[in-house]
Amino acid sequence: MTKSAVPSDTTALRDETMLRHVRQLGSARDGLSEWRLQRLTAIALIPLSLYFVASVLWLATSDRTTAAAWLSSPVTALLVMLFVLAGFAHALVGLRSVFLDYVHSRARLVAAGLLVRAAVVLLAGASLLAILKLFLGH
Amino acid sequence: MERPLSPFMFPVWYRFQITSALSILHRLTGIGLAVGSILLAWWLISVAAGGEWFEATHRFLASPIGIALLFFWSVAFFYHLCNGIRHLAWDAGYGFELGTAARSGYAVLTLTIVLTVLAWLYVFFA
């Protein structure tokens, strides 16, 4: 690996610069935007997931009224909705990259991609609806 | 054209290294967390639905199977979180030296165990 004055020059974090180099070798299709989405959601998920897990630990020994009251506060509802959105987007990109490595036929790759997209949209939609119901119903 | 595909490489050409083992573990825990997100959605829906739904969900989560699932989910979560931060450091260009990469790997494993133990101590004793 070549040494560089700025460490991030060696990675695609500087994507505008890197894209110019990459273009010489041909298109990477949507690879770069998926790469960025995976990192952006990863960074967002550090505080969001820690907040969610800490809250669930606190709720672990409580009853439904406490959990419902927790989710009816606007700050909680917003943070948990963002956690759900970032989490499912991160999972979708991650699962797709696993499929790209291990599913070796185009038809199966498309089928697996559609299936996991459907599952993610369904689960994320249901989760958001549940949070909205608790938030608006209060 | 017959090109080598990734599962072909592992048992034949690679010997065990902490870095590659942790990389595989990162993917496995990622897949586990994605599957576990079904439980997350289910729990949120049960809180919103209330009544018998919530009671049944909490009975399940407090059962030995539920506790085991939550335990594996928590290990996967803390590992994926710590190792994810390690990956982000690499993405920014830091920690690529072989010695550093191995040491940060052991640090991730240690931190995973510590955080998991602390979380479960809190659940059972706080």
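How many helices and how many strands are there in chain A? Chain A has five helices and zero strands, where helices (H or I, at least four residues) and strands (E, at least two) are DSSP runs numbered from the N terminus.

This is a predicted model, in which local features need pLDDT of at least 70, side-chain atom pairs count only at pLDDT 80 or more, and totals for chains, interfaces and linings use all residues. Residues are numbered from 1 along each chain as its sequence is written, while chains are lettered from A and ligands numbered from 1 in the order in which they are written.

**Exercise 1. Describe the make-up of each chain.**

Step 1. From the N terminus on, the elements of chain A run α-α-α-α-α. Chain B has five helices and zero strands, and its pattern along the sequence is α-α-α-α-α.

Step 2. Apply the burial criterion: a residue is buried if 20 or more other C-beta atoms, placed from the backbone, lie within 10 Å of its own, exposed if 12 or fewer, and partly exposed in between. Of the 138 residues in chain A, 18% are buried. In chain B, with 126 residues, 23% count as buried.

Step 3. Count contacts, where two residues are in contact if their C-beta atoms, placed from the backbone, lie within 7 Å. Take the contacts in chain A between residues at least 6 apart in sequence: 65% of these join residues at least 24 apart. For chain B, with the cut-off again at least 6 apart, 71% join residues at least 24 apart.

**Exercise 2. State the confidence of the model.**

Step 1. The model scores ipTM 0.88 and pTM 0.85.

Step 2. pLDDT is the predictor's confidence in each residue, from 0 to 100. Chain B has a mean pLDDT of 90, with 89% of its residues at 70 or more.

Step 3. Within chain B, confidence is lowest in helix H1 (residues 6-13), where the mean is 61, and highest in helix H4 (residues 64-91), at 96.

**Exercise 3. Characterise the side of chain A that touches chain B.**

Step 1. The contact takes 34 residues from chain A and 30 residues from chain B.

Step 2. On the chain A side, helix H2 (31-59), helix H3 (64-72), helix H4 (74-102) and helix H5 (106-136) each supply at least two residues. The largest share, eight residues, comes from H4(A).

Step 3. Sort the residues by class: Ala, Val, Leu, Ile, Met, Phe, Trp, Tyr, Cys and Pro count as nonpolar, Asp, Glu, Lys and Arg as charged, and the others, Gly among them, as polar. The side of chain A that touches chain B then divides into 22 nonpolar, eight polar and four charged residues.

**Exercise 4. Classify the packing of two helix pairs.**

Step 1. Axes are lines fitted to C-alpha atoms, for helices over the stretch in contact, and angles run from 0 to 180 degrees between N-to-C directions. Angles under 35 degrees count as roughly parallel, over 145 as roughly antiparallel, 65 to 115 as roughly perpendicular and the rest as oblique.

Step 2. The axes of H4(A) and H5(A) come within 10 Å and cross at roughly 175°. H4(A) is therefore roughly antiparallel to H5(A). Among the residues that meet are A:Val84, A:Phe88 and A:Phe99 in H4(A), and A:Leu109, A:Val116 and A:Leu123 in H5(A). The contact of H4(A) with H5(A) comprises 20 nonpolar, two polar and two charged residues.

Step 3. In chain B, the axes of helix H2 (residues 18-49) and helix H5 (residues 98-125) come within 9 Å and cross at roughly 45°. H2(B) is therefore oblique to H5(B). B:Ile18, B:Thr19 and B:Leu22 in H2(B) meet B:Ala101, B:Ala102, B:Gly105, B:Tyr106 and B:Val108 in H5(B). By class, the contact of H2(B) with H5(B) has six nonpolar, two polar and no charged residues.
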